[in-house]
Amino acid sequence: MKDRYDVIVIGAGPAGYVAAIRAAQLGKSVACVDDWTDPAGESALGGTCLNAGCIPSKVLLEASEVYDKARHEFADYGVRVDGVGLDLEAMMARKDRVVSELTRGIASLFEANGIQRIEGRGKLLSGRRVEVTSLRLNVAVELEAEYVILAAGSKPAPLAVAPLHEDLVVDSTGALAFASVPKRLGVIGAGVIGLELGAVWRRLGSEVILLEAQPEFLSMCDRQIAQEALRQYRKQGLDIRLGARVTACAVEGGRVDIDYQDARGDHDEVVDRLIVAVGRQPGSDGLCAPDTGILLDNGGFIHVDEQCRTNLPGVYAIGDLVRGPMLAHKGSEEGIMVAELIAGHTAQVNYATIPSVIYTRPEIAWAGLTEQALKAADRPYRAGVFPFAANGRARALGETGGMVKVLADAETDRLLGVHMIGPHCSELLASAVIALEFGASSEDLAATMFAHPTLSETLHEAALDVGGRAIHRASAQKVRREA
Ligand code: FAD
Ligand code: NAD
């Protein structure tokens, strides 16, 4: 290990490891310091996303969906399977295998790109020096760099009234590793994590109660999509209670007693396990020595400009550690941008087209502005909506709930937002994001040929519907008026 590098990255999540790889590709000498250890105590690259976030949650969502379909839907497809059973241990082992394959993949990429991997806790000192405390030996060394990229990510936000307790009151990491299916599962927070993990355990057999403080469901989504989501989730048996403020939790006799209030008064629920999923907070605590003078925003985010420069020369910050949505792909794009800037290139991130996805069934996916945001800004727009119920491929799949909605500027027809709820929307959204990125109009989408029979035809039809000319829907105007 050298003691001087062109670039030192602190944090090897999807923001930091991508920044490290791109900087190395651009000819820089790079070291990446990371302190993540897996349950066996081994150092693992990939940060929250690979070890305890995007990847393990999606593995469990896929596996639980297969199980749920086998139990409840195969017969409808004409497929008879007798004696469908759950092997939770095998399901969890598969999840761990996928995680380990991917984290080891990043280690190989580091090696291939000549990146020095340093297992330890990094701290920014003044003058772009970085103190690294080794995980195993608890000894510190000091390194120097021309540029430092802070990518320390985020951690689950604690909730004072619901402190974590063994495997009974857990955060998202604990909820990805339950050893048995809880009979009654409570979830505080019906946000992205609450819904995705609530869905996993519901499919595996839990009765799931979600307590959400806000009276409005999924306030970041387009209203019409959020309403459809709430209807479908409730139909699936997710017991979502809105405007519910938890006031106390107590562990008694191996169960969890939850007190909460809503508009109708005080209530209490007893559950077998409780997941606390009330947001995440940036990991900036102790990351920078006070004499560096680094500026923080409210909530402990490192203050950066549009190109992720902190107030310290040569020091950048990216990913969950800085403003903007806490999404892996947002952090990765910032990582690439910063590496390019360091190499003297021109680079930027288009924050207006960040895709968002909730990987439940149906999936919810969107990019750009919502209809309520356009109304609030008094911006004239036209909307087109097309339901999956009128799409042949969705019928073949047996997944006919939901819709695609396209919003376009009333004067220029430029796309302003695309919102979806339905089958495989996480994949469908990509073509909408490309259209938004290229500044396309709804007419551009309407004039594009989509293969038949595909789910993507719903995007085509929604774009046609902006002009009131959807083909496979007689009542296009009527449904839009009802929305
Ligand atoms: P992180 O991934 O948090 O990585 C930061 C790394 O830095 C960690 O390894 C940490 O240990 C290390 N570190 C911290 N401080 C130090 C230090 N001082 N020294 C050394 N190392 C340090 N996002 C999506 O886009 N799609 C999804 O489907 C999705 N699903 C999710 C599911 C769950 C359950 C959770 C919890 C999150 C999910 N996210 C998802 C969010 C996503 O995981 C984060 O946005 C992403 O991981 C942020 O990347 P990052 O590199 O900024 O930080
Ligand atoms: P979130 O912000 O999505 O949801 C938290 C929810 O908890 C909110 O609805 C909030 O109103 C509610 N809440 C807050 N305090 C509460 C309280 N005291 N009682 C009841 N409800 C309360 O946060 P999250 O679900 O914890 O996820 C954290 C981050 O991880 C998100 O920013 C998200 O972007 C990211 N993530 C993304 C994905 C994905 O892209 N599919 C999946 C999981 C997580």
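Predicted model: local features only at pLDDT ≥ 70, side-chain atom pairs only at ≥ 80, totals over all residues.
Local features need pLDDT of at least 70 and side-chain atom pairs count only at pLDDT 80 or more, while totals for chains, interfaces and linings use all residues. Residues are numbered from 1 along each chain as its sequence is written, and side-chain values use heavy atoms, with hydrogens and water left out.

The shell around ligand 1 holds 37 residues, each with a heavy atom within 4 Å of the ligand. Asp 34, Asp 35, Thr 48, Lys 58 and Gly 122 come nearest. By type, the shell has 17 nonpolar residues (Ala, Val, Leu, Ile, Met, Phe, Trp, Tyr, Cys and Pro), 14 polar and six charged (Asp, Glu, Lys and Arg); the others, Gly among them, count as polar.

| Residue | Protein atom | Ligand 1 atom | Distance |
|---|---|---|---|
| Ala 15 | backbone N or O | oxygen | 3.0 Å |
| Lys 58 | side-chain N or O | oxygen | 2.7 Å |
| Gly 122 | polar backbone atom | nitrogen | 2.8 Å |

On its own, ligand 1 has 1,000 Å² of accessible area (Shrake-Rupley method, 1.4 Å probe), and the protein covers 95% of that.

Helices (H or I, at least four residues) and strands (E, at least two) are DSSP runs numbered from the N terminus. H2 (47-52) gives the most to the shell, with four residues. Strand E2 (30-34), helix H3 (54-72), strand E3 (116-125) and helix H9 (328-342) each supply at least two.

H9 also packs with H1 (residues 16-25): their axes, lines fitted to C-alpha atoms over the stretch in contact, come within 8 Å and cross at roughly 30°. The two helices are therefore roughly parallel (angles under 35 degrees).

Methods
Chains lettered and ligands numbered in written order. Polar contact = N/O pair within 3.5 Å; in protein donor to acceptor, adjacent residues only side chain to side chain. Axes fitted to C-alpha atoms, helices over the stretch in contact; angles between N-to-C directions. Parallel < 35°, antiparallel > 145°, perpendicular 65-115°, else oblique.
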